[in-house]
Amino acid sequence: MLSKRTVIGIVVGSVIIAIGLFALVTSFGIQTKNIDETFGLGESTTYQFTAPVHSKQFLNITGNSFKLSLASPRGGLQISEQDYKNELSLEWVHLVDGDSRVQIQNTGDSELRINGTLQFLSDPILITYHIVVITAGVIIIGFSSGFSIRKPRGF
């Protein structure tokens, strides 16, 4: 017969394992991030990501004036820091695997709005993190199962 503590531990451990497995499975492959952000006067942002070959990137930037620089891997789209006014739409495809970096700074007297989608590969360290979460669930189940073991005489 299992004690209440054992049953609670098994349920909690199973939920933690399920969350870890779901996160692990969804972290494989190409991830897509939808961007819809607004920045005030003088604020800046940087998007840095690793993308696979043939992944499509799109950014639409709207504001009074702003500075933008973009660097994509080996022979891809390169834009040195330049000033822009009103609106800019960027769409590019990665020709090789690698890191892209987009820096945007609001230099105007109105808000800067950034919309778009970025496709990237998730960070490999996250796989290790998900495995640690799964292991924590197994450990919780193991410790809680010790509560239902019959104690020997004398204890």
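Start with helix α1 and find what lies over its buried residues: the cover includes α2, residues 125–145. Keep in mind that this is a predicted model.

Now select α1 itself, residues 4–26. The helix has 23 residues. From its first C-alpha to its last it reaches 33 Å, close to the 33 Å expected at 1.5 Å a residue.

Which residues of α1 are buried? Color Thr6, Gly9, Gly13, Ile17, Gly20 and Leu24 to see them. Look at how they are placed along the helix. An α-helix has 3.6 residues a turn, so residues three or four places apart point the same way.

Go to leucine 24, which is in α1. Is leucine 24 buried or exposed? Leucine 24 counts as buried because its relative accessibility is 15%, and the cut-off for buried is under 20%. Next, show its contacts beyond the neighbours within four places in sequence: Ile127, His130 and Ile134. Then pick isoleucine 131. Leucine 24 and isoleucine 131 are 107 residues apart in sequence, but 7.6 Å apart in space, C-alpha to C-alpha.

Turn to the surface. Select Leu2, Val7, Ile10, Val11, Val15 and Ile19. They form a nonpolar patch with about 490 Å² of accessible area together. Click on valine 11, a residue of helix α1. Valine 11 is partly exposed, with a relative accessible area of 48%.

Move on to the strands. In soluble globular proteins, nonpolar side chains tend to be buried together. Here, the largest nonpolar core has 20 residues. Which of them touch the most other members? Select Tyr47, Leu68, Val102, Ile104 and Ile114. The elements that give two or more residues to this core are β1 (30–39), β2 (44–51), β3 (56–71), β4 (78–93), β5 (98–106) and β6 (112–121).

Zoom in on tyrosine 47. Leave aside its neighbours within four places in sequence, and tyrosine 47 is in contact with Ile35, Glu37, Phe39, Ser100, Arg101, Val102, Ile104, Ile114 and Leu118.

Select histidine 54, in the loop between β2 and β3. Its phi is near 70°, a positive value in a residue other than glycine. Histidine 54 counts as exposed, at 62% relative accessibility.

Finish at asparagine 86. Where is asparagine 86? Look in strand β4. The phi of asparagine 86 is near 70°, a positive value in a residue other than glycine. Asparagine 86 is exposed, with a relative accessible area of 53%.

Terms used: Residues are numbered from 1 along each chain as its sequence is written. This is a predicted model: local features need pLDDT of at least 70, side-chain atom pairs count only at pLDDT 80 or more; totals for chains, interfaces and linings use all residues. Side-chain values use heavy atoms; hydrogens and water are left out. A nonpolar core is a set of buried Ala, Val, Leu, Ile, Met, Phe, Trp, Tyr and Cys residues joined through side-chain atoms within 4.5 Å. Buried means under 20% relative accessible area, exposed over 50%, partly exposed in between (1.4 Å probe, protein chains only). Helices (H or I, at least four residues) and strands (E, at least two) are DSSP runs, numbered from the N terminus. Contact means heavy atoms within 4.5 Å. The expected span of a helix is 1.5 Å times one less than its number of residues. Patches are made of residues with over 30% relative accessible area and no salt bridge: like charges are joined within 9 Å, nonpolar side chains (Val, Leu, Ile, Met, Phe, Trp, Tyr) within 5 Å. Accessible areas come from the Shrake-Rupley method with a 1.4 Å probe; for residues, only the protein chains shown count as cover. A salt bridge is a side-chain nitrogen of Lys or Arg within 4 Å of a carboxyl oxygen of Asp or Glu.
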